[in-house]
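Thank you all for making the time this morning.

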Amino acid sequence: MQLKKLNIVAIGGGHGLGRVLSTLSFMGHKLTGIVTTTDNGGSTGRLRKRSSTIAWGDLRNCLTELVDDNSIGSQLFNFRFDGNDELGGHNLGNLILYGLGKVQSSPMDSIKLVRRILRVKTQVLPMSETPTDLMAFYPEGRCRLGELSVDEMPIMPTDLMLAPLVKSVTPCIEAIANADLIILGPGSFLTSIVPPLLVRDIAKALDKRKGHCVFIDNIVAEQSPAAKLTLDERLSWIEHNIGCLPIDSVICQDERIHSDKVNVICQDLAHNKVAHHHDNEKLIHALETCVKQFTSAAKIETASK
């Protein structure tokens, strides 16, 4: 398997990145996840309202996707309180990470400690250690603040930015610089995939990348205005918002998808039992196909010089 020879970085949020990390968990320390930290809903949103903190929910989900579902660690960090009291709806893993964030010197230290507890070899990093929110602008200039509000927009925003602007952490930039393969998605376009790209030093690192960057498209269209855009329209939207196009290839399920901007790989990716989920083996096969294509292209380019 060619993937085992590579340094891989996966970027995104929500359940999409978690499933990618789970699929590639055999990569161990050669895999890095860079996680969106702008969520302001659910248990995470309640903790963020209590005091200024990054969104812990997606980080917790990615960490638990890298351990055995039946392990005590997974059960502990995924446990959710029921009822209508103050604990009702809270995820215990979020509370642990939130508490560690108050006693550790930085979110990175908290994540490292949890990785040791769960025995996770893969590096899981926040896109930034500084709390920030999404701010989206309508064509006429009105704006919406917060991930939940952006999710509810009836039309595609012309611009999306972070408020406040934040810097990434050095390990994120180093991981991107050293990556042979960079994966974006799947997941919600505006609220999972794009936010890390809005961090300027992450965007700059992706623009200077030596590795191949592949975007994994959703199997089923998401419930957002982004679903109405063609692939090239989404790529142009990214380029407009971050100043570069950090994508070389796209892996998708729909054979009707084509692009004038990037290489497109169409394969069956759907899970047999959960149609909107990517099947692990099928996704690995698609990534292997992508690696073979860009490796062959690189050899041809080298030979022609």
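Before I describe the sheets, let me say that two strands count as paired if DSSP finds at least two bridges between them, and that the helices (H or I, at least four residues) and strands (E, at least two) are DSSP runs numbered from the N terminus. What you are looking at is a predicted model, in which local features need pLDDT of at least 70, side-chain atom pairs count only at pLDDT 80 or more, and totals for chains, interfaces and linings use all residues. Residues are numbered from 1 along each chain as its sequence is written, and the side-chain values use heavy atoms, with hydrogens and water left out.

Let me start with the seven-stranded sheet, which is open, runs in the order 3-2-1-7-8-9-10 and has parallel pairing. Strand 3 (123-126) and strand 10 stand at its edges with a single partner strand each, so one side of each is left without a neighbour in the sheet. From one strand to the next the twist averages 20 degrees, where axes are lines fitted to C-alpha atoms, for helices over the stretch in contact, and angles run from 0 to 180 degrees between N-to-C directions. Within this sheet, strand 1 (residues 8-12) and strand 2 (residues 31-35) run parallel and are joined by five bridges, and Val 9 has Thr 32 in strand 2 as its bridge partner.

There is also an open sheet of three strands, in the order 5-4-6, and here the pairing is antiparallel. Its edges are strand 5 (143-145) and strand 6 (159-163), each with a single partner strand, so one side of each is left without a neighbour in the sheet.

For burial, I call a residue buried under 20% relative accessible area, exposed over 50%, and partly exposed in between, using a 1.4 Å probe and protein chains only. In a regular strand the side chains alternate between the two faces of the sheet. As for helix 3 (residues 57-64), eight of its eight residues are buried, so helix 3 is largely enclosed by the rest of the structure; among them are Asp 58 and Arg 60.

The largest pocket has a volume of about 540 Å³, a volume being the space filled by probe spheres set on the points, which are joined across faces, edges and corners. Of the 28 residues that line the largest pocket, those closest to its centre are Gly 13, Gly 14, His 15, Gly 16 and Ser 192, and the elements giving two or more residues to that lining are helix 1 (14-23), helix 2 (42-50) and helix 3. The lining divides into three nonpolar, 18 polar and seven charged residues, where Ala, Val, Leu, Ile, Met, Phe, Trp, Tyr, Cys and Pro count as nonpolar, Asp, Glu, Lys and Arg as charged, and the others, Gly among them, as polar. In the second largest pocket there is about 410 Å³ of space, and its lining divides into eight nonpolar, four polar and seven charged residues.

Finally, how many salt bridges are there? With a side-chain nitrogen of Lys or Arg required within 4 Å of a carboxyl oxygen of Asp or Glu, the count comes to eight. One of them pairs Asp 268 with Lys 282, with the closest N and O atoms 2.8 Å apart; this pair links distant parts of the chain, since Asp 268 lies in the loop between strand 10 and helix 12 (280-304) and Lys 282 in helix 12, 14 residues apart. In another, Glu 152 and Arg 144 have their closest N and O atoms 3.9 Å apart, and Glu 152 counts as exposed at 59% relative accessibility, whereas Arg 144 counts as partly exposed at 22%.

How values were computed:
On a 1 Å grid over the protein atoms alone, a cavity is a set of points where a 1.4 Å probe fits but cannot get out, and a pocket is an open set with protein on both sides within 12 Å along at least five of seven lines; lining residues have an atom within 4 Å of a point.
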